[in-house]
Amino acid sequence: MPTDRRRVKRELEECAKDEELTGVSVRLVNDGDYTHLTGKIKGPSGTCYEGGIFSVDIEIPESYPFEPPKMRFITKIWHPNVSSQTGAICLDILKDQWSPALTIKTALVSLQALLSAPEPTDPQDAQVARQYLDEPETFQRTAEFWTNTYATEATEDEVVKRICDMGFPEDRVVAALRETNGDEEAALEKLLSEA
């Protein structure tokens, strides 16, 4: 059973309507492919993630909406319920609490809420959870540092310069960024794989 493109398309349109209000957005990775999306989540105000924009890789399975979307953070984040290595997420609605009544937008808003209220007793990253519970000030400083380092969006010129400074020619950098919808990490991976 192929992915229900109409439903996914409708969900993308719905999400775009109140992007400013919710602080979440979602786009196709490749035009016409409704099975691979990229979500963006604004870090919630009053948290160590404030000011950050976090990218989330979203894969829509064939049996969606009867099976949850597969999501992982692309942007590195210091959070008890997210692997600091792989971006894997521990969130019940992305597993056994999923319902076909939920949407991609619901899942992204739930991820945003998880940033505000971590669940250290059900961690994805035990080291981060220990720090969250035992050394809250260190956790706060580390999470803020990671937000400022990995989740602040640079202008396109800044990104191009940063990658060019690694020794890549500007025309290849610009082409790689265009092919990856401006995703710096994906563009860098692409350039490295071509080297």
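Where does Pro 65 lie? Pro 65 sits in the loop between strand 3 and strand 4. This is a predicted model. Its protein chain is divided into domain 1 (5-151) and domain 2 (156-194). The largest pocket has a volume of about 1,000 Å³, and its lining draws at least three residues from each of domain 1 and domain 2.

**Domains**

- Domain 1 covers 5-151, and domain 2 covers 156-194.
- The C-alpha centres of domain 1 and domain 2 are 24 Å apart.

**The largest pocket**

- The volume of the largest pocket is about 1,000 Å³.
- The largest pocket is lined by 36 residues. Closest to its centre are Lys 40, Ser 55, Gly 182, Asp 183 and Glu 184.
- Helix 8 supplies the largest share of the lining, five residues.
- By residue class, the lining of the largest pocket divides into 13 charged, 12 nonpolar and 11 polar residues.

**Cys 90, the annotated position**

- An unreviewed UniProt entry carries the annotation "active site" for Cys 90.
- Cys 90 is placed in the loop between strand 4 (70-73) and helix 3 (104-116).
- Is Cys 90 buried or exposed? Cys 90 has a relative accessible area of 14%, so it counts as buried, the cut-off being under 20%.
- Which residues is Cys 90 in contact with, leaving aside its neighbours within four places in sequence? They are Asn 81, Lys 95, Leu 114, Asp 122, Pro 123 and Gln 124.

**Gln 131 in helix 4**

- Gln 131 belongs to helix 4 (residues 126-134).
- Gln 131 is buried because its relative accessible area is 13%.
- Setting aside neighbours within four places in sequence, Gln 131 is in contact with Trp 78, Pro 136, Thr 138, Phe 139 and Thr 142.

- Tyr 64 and Pro 65 are joined by a cis peptide bond, with omega at about 10 degrees.
- Most peptide bonds are trans.
- Ala 101 is found in the loop between strand 4 and helix 3. Cys 90 is also placed in the loop between strand 4 and helix 3.
- Ala 101 has 67% relative accessibility, so it counts as exposed. The cut-off for exposed is over 50%.
- How many residues apart in sequence are Ala 101 and Pro 65? They are 36 residues apart in sequence, and 7.8 Å apart in space, C-alpha to C-alpha.

**Glu 170 in helix 7**

- Glu 170 is part of helix 7.
- Glu 170 counts as exposed because its relative accessibility is 53%.
- Beyond its neighbours within four places in sequence, Glu 170 is in contact with Val 160 and Cys 164.
- Glu 170 and Thr 149 are 21 residues apart in sequence. From C-alpha to C-alpha, Glu 170 and Thr 149 are 23 Å apart in space.

How values were computed:
Residues are numbered from 1 along each chain as its sequence is written. This is a predicted model: local features need pLDDT of at least 70, side-chain atom pairs count only at pLDDT 80 or more; totals for chains, interfaces and linings use all residues. Side-chain values use heavy atoms; hydrogens and water are left out. On a 1 Å grid over the protein atoms alone, a cavity is a set of points where a 1.4 Å probe fits but cannot get out, and a pocket is an open set with protein on both sides within 12 Å along at least five of seven lines; lining residues have an atom within 4 Å of a point. Grid points are joined across faces, edges and corners, and a volume is the space filled by probe spheres set on the points. Helices (H or I, at least four residues) and strands (E, at least two) are DSSP runs, numbered from the N terminus. Ala, Val, Leu, Ile, Met, Phe, Trp, Tyr, Cys and Pro count as nonpolar, Asp, Glu, Lys and Arg as charged, and the others, Gly among them, as polar. Domain bounds come from an automatic or database domain assignment. UniProt positions are given in the numbering used here, feature names are shortened, and annotations may be inferred rather than shown by experiment. Buried means under 20% relative accessible area, exposed over 50%, partly exposed in between (1.4 Å probe, protein chains only). Contact means heavy atoms within 4.5 Å.
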